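Let's take a friendly walk through this structure together. Have the sequence and the 3D view open as you read.

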Amino acid sequence: MRPDLGQIAVEKVEITPEQRLIVLSDPRSPGADRFRYLRMRLRELGAKGQLKSLVVTSPTPQDGKSTVAMNLATVLAESGRRQVLLVEADLHRPSLAKTLAVTALPGLAECLENGLNPLDAIRKIEPLHWYLLQAGNPLGNPTELLQTASLPAVLDTLTSHFDWVIVDTPPMVPLTDALCLSRLVDAVLLVLRAGKTPQDTVHEALGLLGPGKVAGLIFNGAEDLSRLYEKYAGYYGRK
Ligand SMILES: Nc1ncnc2c1ncn2[C@@H]1O[C@H](COP(=O)(O)OP(=O)(O)O)[C@@H](O)[C@H]1O
Ligand SMILES: [Mg+2]
């Protein structure tokens, strides 16, 4: 049984969803549709075996990991019917506080460095209906921090309270952080950016993760697909 989050005092912060949260800002767009399709595929995979915690990573910087992680968390939360946590584990270049325009507070780094209770550090982001554990402000080397012995326990504590835990990470090719985190979750989603992510880095990332761990590839920013959707949108009453 999942412990009831209602018993834990969690601060709520209201944000104004911006353009990158396409599932809220433009729910009828092809992009939002693809996120709902991804949710369906994840549910199907979840019916076959344990699938609750997911690392979102990509080969290189700026592929769209954080964008995908936030949109995915939003569709998985199903307007509050599911308890979803987004863990910001890119301790090198945390971006979520800025993107969501919330104050940067202690988070994962402080849980690992000072033993901060992760349940005391999460905040509910409204109207997205999911919870956020921010990166925090690491004093030491972020990559070493993610290899601290307490990380599995921190993730376990959190995972037991949620239906889904999404872990946003740094890029794979220059850093080992995402690889370490991938060992502690059920599956990995690899984001590739159309026209940007170099092919050799995709092979490198897939090779490092190994077969069986990658639940799916997400092709971010695929314009051709959008054009195809546009063409048939009228037929399905989306215009
Ligand atoms: N599909 C997209 N279309 C347009 N801009 C995007 C798209 N995905 C991401 N971006 C933009 O690209 C930049 C990098 O995205 P981000 O999600 O922060 O990447 P990462 O976390 O992989 O470094 C951000 O400015 C974001 O707004
Ligand atoms: Mg990011």
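## Around the ligand

By class, the shell around ligand 1 has 8 polar, 3 charged and 1 nonpolar residues. Please keep in mind that this is a predicted model. The residues surrounding ligand 1 are Arg20, Ser58, Pro61, Gln62, Asp63, Gly64, Lys65, Ser66, Thr67, Ser95, Asn220 and Gly221.

Which helix supplies the largest share of this shell? Helix H3, residues 65–77, does, with 3 residues.

## The chain as a whole

The chain has 239 residues, of which 38% count as buried. Its secondary structure comes to 11 helices and 8 strands. Take the contacts between residues at least 6 apart in sequence: 80% of them join residues at least 24 apart.

## The sheet

Now for the strands. In general, strands of a sheet pair through backbone hydrogen bonds, either parallel or antiparallel. Here, 8 strands form an open sheet with mixed pairing, in the order S1-S4-S5-S3-S6-S2-S7-S8. S1 and S8 (214–220) are the edge strands, each pairing on one side only. On average, neighbouring strands of this sheet are turned by 25 degrees against each other, direction ignored.

One pair to look at is S4 (residues 123–126) and S5 (residues 130–133), which run antiparallel and are joined by 3 bridges.

In soluble globular proteins, nonpolar side chains tend to be buried together. The largest nonpolar core in this model holds 59 residues, and the members that touch the most others are Val56, Ala73, Val84, Leu85, Trp130, Ile166 and Val167. H3 gives the most to this core, with 8 residues.

What does isoleucine 166 contact, leaving aside its neighbours within four places in sequence? The list is Leu54, Val56, Ala69, Leu72, Ala73, Val84 and Leu86.

Glutamate 11 is found in strand S1, residues 11–14, and S1 is one of the edge strands. Is glutamate 11 buried or exposed? Glutamate 11 counts as exposed because 10 other C-beta atoms lie within 10 Å, and the cut-off for exposed is 12 or fewer.

Glutamate 11 and aspartate 120 are 109 residues apart along the chain, yet their C-alpha atoms are separated by 9.2 Å.

Technical notes: Residues numbered from 1 in each chain as written. Chains lettered and ligands numbered in written order. Predicted model: local features only at pLDDT ≥ 70, side-chain atom pairs only at ≥ 80, totals over all residues. Near = placed C-beta within 6 Å. Helix = DSSP H or I, 4+ residues; strand = E, 2+ residues; numbered from the N terminus. Nonpolar A, V, L, I, M, F, W, Y, C, P; charged D, E, K, R; others polar. Buried ≥ 20, exposed ≤ 12 C-beta atoms within 10 Å, placed from the backbone. Contact = placed C-beta atoms within 7 Å. Core = buried A, V, L, I, M, F, W, Y, C linked by C-beta atoms within 7 Å. Pairing = 2+ DSSP bridges. Axes fitted to C-alpha atoms, helices over the stretch in contact; angles between N-to-C directions.
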